[in-house]
Number of protein chains: 2
Amino acid sequence: MKVGPDIATLGSLLGDPARANMLTALLSGQALTAGELAREAGVTAQTASSHLARLEAGGLLTQRKQGRHRYYALSGEDVAGVIEALMGLAARTGHTRVRTGPKEPALRRARVCYDHLAGDLAVGMLESLTARGFIVETDERLSLTPAGEAFMAALGLDLPALAGQRRPLCKGCLDWSVRRTHLAGGLGAALLDRFFALGWAAREPGTRLVRFSPRGLEAFREIFGVMPDTPNEETAAAT
Amino acid sequence: MKVGPDIATLGSLLGDPARANMLTALLSGQALTAGELAREAGVTAQTASSHLARLEAGGLLTQRKQGRHRYYALSGEDVAGVIEALMGLAARTGHTRVRTGPKEPALRRARVCYDHLAGDLAVGMLESLTARGFIVETDERLSLTPAGEAFMAALGLDLPALAGQRRPLCKGCLDWSVRRTHLAGGLGAALLDRFFALGWAAREPGTRLVRFSPRGLEAFREIFGVMPDTPNEETAAAT
DNA sequence: CCCATGCTTCGATCCAGGACGAAGCTTGGG
DNA sequence: CCCAAGCTTCGTCCTGGATCGAAGCATGGG
């Protein structure tokens, strides 16, 4: 009777806690082995295997054999987008997980969202960039100004290479922790890479968490200005 | 162990065919009674009632009593956004419903997506608008040019009122039938309203389908120019 | 060549939740 | 005031699928 794309199977694919955990873990953008995903989801290897098979059959995951490991990754950026959108909706409708781990405040602060930075720090960064006229936001769309291009070049980004990419340069991504936008797209990814290259931050292995070094954080604050919404107390709490 | 928004419950909420059908029906933006939704989903009244209760408890639906009817509607535009995003993903991963109804070609052609027009016609319209410089697309973001403003005003739209709204004026929305963008946002909604007001089109009651009158279609084609991807054969087939 | 590791397949169990019939509650109309 | 329509609640049945133990396949190391 109804026609069109089949939401229901896709939804039920996302509807199992174990699978949802796996997908959330893969949001970091890096490929994980079946075993890691099993541990992440808190199920045995057999169970994880069947879940992964279903997710792959459903087209949400791609799989790559390497030695005796099998690496799984999200099949595309759109999958990550849908998951983050669901997270945003879940946050709005009050569906937050009850079990609150110790890492939560740190996660709210700085984490990887597929390939770019998310969390308070990312939101503050975008705010600072717009406040200083480096990025303009028109109708929820972001674009880099000439001044912004100069700024990014000074930071060491290869803008011509970025502009040549197929993916959009600037893209807004809704943060589930704070309900505000942070910077995604090619520029967002390049910035995060740059932070890593500069040694300002490193990702916690096997996690979405991004940990800034004290000096890195200082440099970050200096460059991206004051961030009124993230006082120093939170910094201490997050470390 | 994991932390953050709870995707899984939300996913399982979308994961039932009956509920998915109801939500898809509500994508039209109009509120429907419990009975209509039950018929839409192909289940009995009791079953529908429990589904609706769960959807409401989950924060996806709002409910309004009116006489002895209960009207249900999506709780916000973000819900519609997530559903359309899921539809896009479902289309990409090949999850299309098997049961193909007679209305399908017409639906692919012109339908309501929450509050704006979607389908081939909408994609063609946006193409024409961009081709003529009325709307520019930068990095997948849309914005109206001065020439475009004049054009819209000539069509009878009250642009100052639209600009005053909180919602963004232009917004891209990915079409699941064609894998291309069509116009959403305040402007998209206003345009659809205008088509209705002009008598060019009317919505099929209880459906997402938008039916253009012959004269309306002619006027539409005249104003929005040639649409290379939708030859006349399809027009005949869709009527 | 054999063993350990990583993962999948098979088989069995068990339970959440989706389905409907029947009864109960509210609202509007005569 | 009673009846019909619209919807919900209750009780029951039943299926899909989530889980794990055990066995089966590959791969790499010694």
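Modeller: In this predicted model, an N or O atom in the side chain of B:Thr47 is placed 3.0 Å from a phosphate oxygen of DNA strand C. The side chain of B:Arg54 also reaches a phosphate oxygen of DNA strand C, with an N or O atom at 2.3 Å. From chain A, A:Gly35 takes part through its backbone: one of its backbone N or O atoms is 3.1 Å from a phosphate oxygen of DNA strand C. The elements that supply two or more residues to the surface near DNA strand C are helix H3 (34-41), helix H4 (45-57) and strand S3 (69-74) of chain A, joined by helix H4 (45-57) of chain B. Of these, H4(B) provides the largest share, four residues.

Taken as a whole, the surroundings of DNA strand C consist of 20 residues, and the closest of them are A:Ser49, A:Tyr72, B:Gln46, B:His51 and B:Arg54. Among the atoms of DNA strand C that come within 4 Å of the protein, 69% belong to sugar and phosphate. By class, the residues of this surface comprise four nonpolar, ten polar and six charged.

DNA strand D is surrounded by 19 residues, of which A:Gln46, A:His51, A:Arg54, B:Ser49 and B:Tyr72 are the closest. Sugar and phosphate again make up 69% of the atoms of DNA strand D that come within 4 Å of the protein. A:Asp16, by contrast, has a polar side-chain atom 3.5 Å from a sugar or linking oxygen of DNA strand D. Two or more residues of the surface near DNA strand D come from each of H4 of chain A and, in chain B, helix H3 (34-41), H4 and strand S3 (69-74). H4(A) gives the most to this surface, with four residues. The classes here are three nonpolar, ten polar and six charged residues.

Helix H3 of chain A, one of the elements that line DNA strand C, also packs against another helix of its chain. The axes of H3(A) and helix H2 (residues 17-26) of chain A come within 8 Å and cross at roughly 120 degrees; the two helices are therefore oblique to each other. The crossing of H2(A) past H3(A) is right-handed. On the side of H2(A), the contact involves A:Ala18, A:Asn21, A:Met22, A:Ala25 and A:Leu26, while H3(A) contributes A:Leu37, A:Glu40 and A:Ala41. This contact has six nonpolar residues, one polar and one charged.

In chain B, helix H2 (residues 17-26) and H3(B) pack at an angle of about 120 degrees, with their axes 8 Å apart. H2(B) and H3(B) are therefore oblique to each other, and their crossing is right-handed. The residues that meet are B:Ala18, B:Asn21, B:Met22, B:Ala25 and B:Leu26 of H2(B) and B:Leu37, B:Glu40 and B:Ala41 of H3(B). Sorted by class, six residues of this contact are nonpolar, one is polar and one is charged.

Finally, one helix pair joins chain A to chain B. Helix H5 (residues 77-92) of chain A and helix H5 (residues 77-92) of chain B pack at an angle of about 155 degrees, with their axes 10 Å apart. This angle makes H5(A) roughly antiparallel to H5(B), and the crossing of the two is left-handed. From H5(A), the residues in contact are A:Asp78, A:Val79, A:Val82, A:Ala85, A:Leu86, A:Leu89 and A:Arg92. Their counterparts in H5(B) are B:Asp78, B:Val79, B:Val82, B:Ala85, B:Leu86, B:Leu89 and B:Arg92. Ten residues of this contact are nonpolar, none is polar and four are charged.

How values were computed: Residues numbered from 1 in each chain as written. Chains lettered and ligands numbered in written order. Predicted model: local features only at pLDDT ≥ 70, side-chain atom pairs only at ≥ 80, totals over all residues. Heavy atoms only, no water. Near = heavy atom within 4 Å. Polar contact = N/O pair within 3.5 Å; in protein donor to acceptor, adjacent residues only side chain to side chain. Nonpolar A, V, L, I, M, F, W, Y, C, P; charged D, E, K, R; others polar. Axes fitted to C-alpha atoms, helices over the stretch in contact; angles between N-to-C directions. Parallel < 35°, antiparallel > 145°, perpendicular 65-115°, else oblique. Left-handed = near helix turned anticlockwise from the far one by under 90°. Contact = heavy atoms within 4.5 Å.
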